[in-house]
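Reader: I'm new to this structure. Could you walk me through it, please?

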Amino acid sequence: MKSGSNLEKVLEAGHFAVTAEIGPPKSGSARVIEAHGEEIGHAADAFNVTDHQTGVVRLCSLAACAILRRMGLDAVMQMLCRDANRIRLQGDILGAVALDIKNVLCLSGDHVKFGNHPEAKGVFDIDSVQLVRAVKDMRDERKFICGEEVAGEVPLFIGAVENPYADPFEFRTARLAKKVEAGADFIQTQAVYDVPKFRRWMEEVCEAGLDRKVHILAGIIPVKSVGMARYMKKYVSGVEVPDEMITRLEGAKDVKEEGIRMILEIIEQVMDIPGVHGIHVQAVGWEEIVPEIMERAGLLPRPVI
Amino acid sequence: MKSITQRKGIEEIEAMLGSARRVAIAGCGTCPFMAGTGGPKEVVELARTLEERSVERAWSTVLPVACEPLAPEAQKEFSSLLEGAEAVLVAACSLGVRMVADQVVLPVLPALNTLFIGREAEPGFFVEECAQCGDCVLGEYGGICPIVHCAKGLFNGPCGGSVGGKCEVDPNLPCGWQLIYDRMKALGRAEELARIRPYKDWSKSLSGGARRMRVPVPPPKEPEGK
């Protein structure tokens, strides 16, 4: 075991894993995090907490993950190259270890332009591939980026992200391979709506043999309303929402229920795609729906290892 | 090299001028002339605008190359031009502002913002090409700099926001990584992009105070006939 995290155990045991995202508040309220944990803690194997997602200041991932750990839940700390240089990032990795956080997810971070401080300077001292490598070297070589020794263990399960819908499409698998080579243990993807395109990408991934080196968790974002679907199609870069999905929601009497059914169909389809080892559910601002979706998808109860 | 500049808003210029009523304006005959920000036409226009709006008197000149020291004759001429001025507005890039500031004991203020070092990709269209990072990586990326052309300055490939060849930051902005990928593919070198690029050494860049460099200077020529 690299980290002994629940997520790692579930994946290594060959179960279909479920991670769920928790959005932190714009306050220092531990209670908000705890309430999410209480509500959906039984419905996934590990819980990502976003870190200033879309460039909006919120309670940081490190602290929120520590709160989840206190509750006995497995947490995935998200780290961004946008907001910190290599010194801060490596220090936060040690902080995560100190607080018994066992999974990290390494991202570049959305551009500050989309956030609530668009005038901020993006750091990008290192990029996400390099951050993955840095965590791996801290864990496996006990070395900081500078080469100095880390005076202790860094048992972390290392995650990265990939967007199968972004361009250049033919470079996406090569980029994933780079993250795997850098040291990623698991990958959480951008939201899957266009299943055929995702399947094509997964075929490439399997052809390259990457499915045997890394656990791929397909991104799932439940759609609550027609407006949300339209918004995602128009404004969320690299998310492809097929028109027929929007038409289907528009024609529905109970939009929420139709949205859930649609998501369940997507989950069912991705579960059948070779190489997919789990799903990552990002119910942005709608965390409470996760148990119902998991129940109806036949993914509850979660395995206890 | 071209220093690409843009004129500051008139309100900002007036705020910098403060109580100065008599203002000399110095343009520059090289890059700002080409960018239409500090040539003869622009400095005259700026003087007129200021006189119409706020100052008592504004007059102007255009230095041939504002970032180079003035020859002794030109220096004299420039000094006499500044007589009676309470402030000097320099319509040149930051180098020009600094050069003028070194030569006069008056408030020297920038009329322009220095945007970037760029090239004129097509007539009248300037594109940034260099972040002056001190450790050129163009050789690895088919001549396209990822620090400048990627909005996040990523070294190992495009982020998830590259769609249809455009950057998520601005639908009119080409994705730098699409440019790099296309170029490397055309060169038959796309596979090189699969290599993990190691951490960048930023110590050669903007983090150690003003960078300085000395080069050997040839001694002045002996006067002929001796």
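Author: Gladly! This is a predicted model, in which local features need pLDDT of at least 70 and side-chain atom pairs count only at pLDDT 80 or more, while totals for chains, interfaces and linings use all residues. Residues are numbered from 1 along each chain as its sequence is written, and chains are lettered from A and ligands numbered from 1 in the order in which they are written.

Reader: Thanks! How many helices and strands does chain A have?

Author: Helices (H or I, at least four residues) and strands (E, at least two) are DSSP runs, numbered from the N terminus. By that rule, chain A comes to 11 helices and eight strands.

Reader: What is the radius of gyration of chain A?

Author: The C-alpha trace of chain A spans about 60 × 45 × 45 Å along its principal axes. The radius of gyration is taken over C-alpha atoms, and the globule rule is 2.2 Å times the number of residues to the power 0.38. For 305 residues a compact globule would have a value near 19 Å, and chain A agrees with that, at 18 Å.

Reader: What percentage of the residues in chain A is buried?

Author: A residue is buried if 20 or more other C-beta atoms lie within 10 Å of its own, exposed if 12 or fewer, and partly exposed in between, with C-beta atoms placed from the backbone. Of the 305 residues in chain A, the buried share is 52%.

Reader: How many residues are in the largest nonpolar core?

Author: A nonpolar core is a set of buried Ala, Val, Leu, Ile, Met, Phe, Trp, Tyr and Cys residues joined through C-beta atoms within 7 Å. Phe47(A), Val104(A), Cys106(A) and Val135(A) are among those with the most contacts inside the largest one. Its size is 94 residues.

Reader: Which element gives the largest share of the side of chain A that touches chain B?

Author: Two residues are in contact if their C-beta atoms, placed from the backbone, lie within 7 Å, and 26 residues of chain A are in contact with 24 residues of chain B. Two or more residues on the chain A side come from each of α5 (128-141) and α6 (169-182) of chain A. The largest share, seven residues, belongs to α6(A).

Reader: In chain B, which residue of β4(B) is the bridge partner of Ala26(B)?

Author: Two strands pair if DSSP finds at least two bridges between them. Strand β2 (residues 22-28) of chain B runs parallel to β4 (residues 87-91) of chain B, joined by five bridges. In β4(B), the partner of Ala26(B) is Val90(B).
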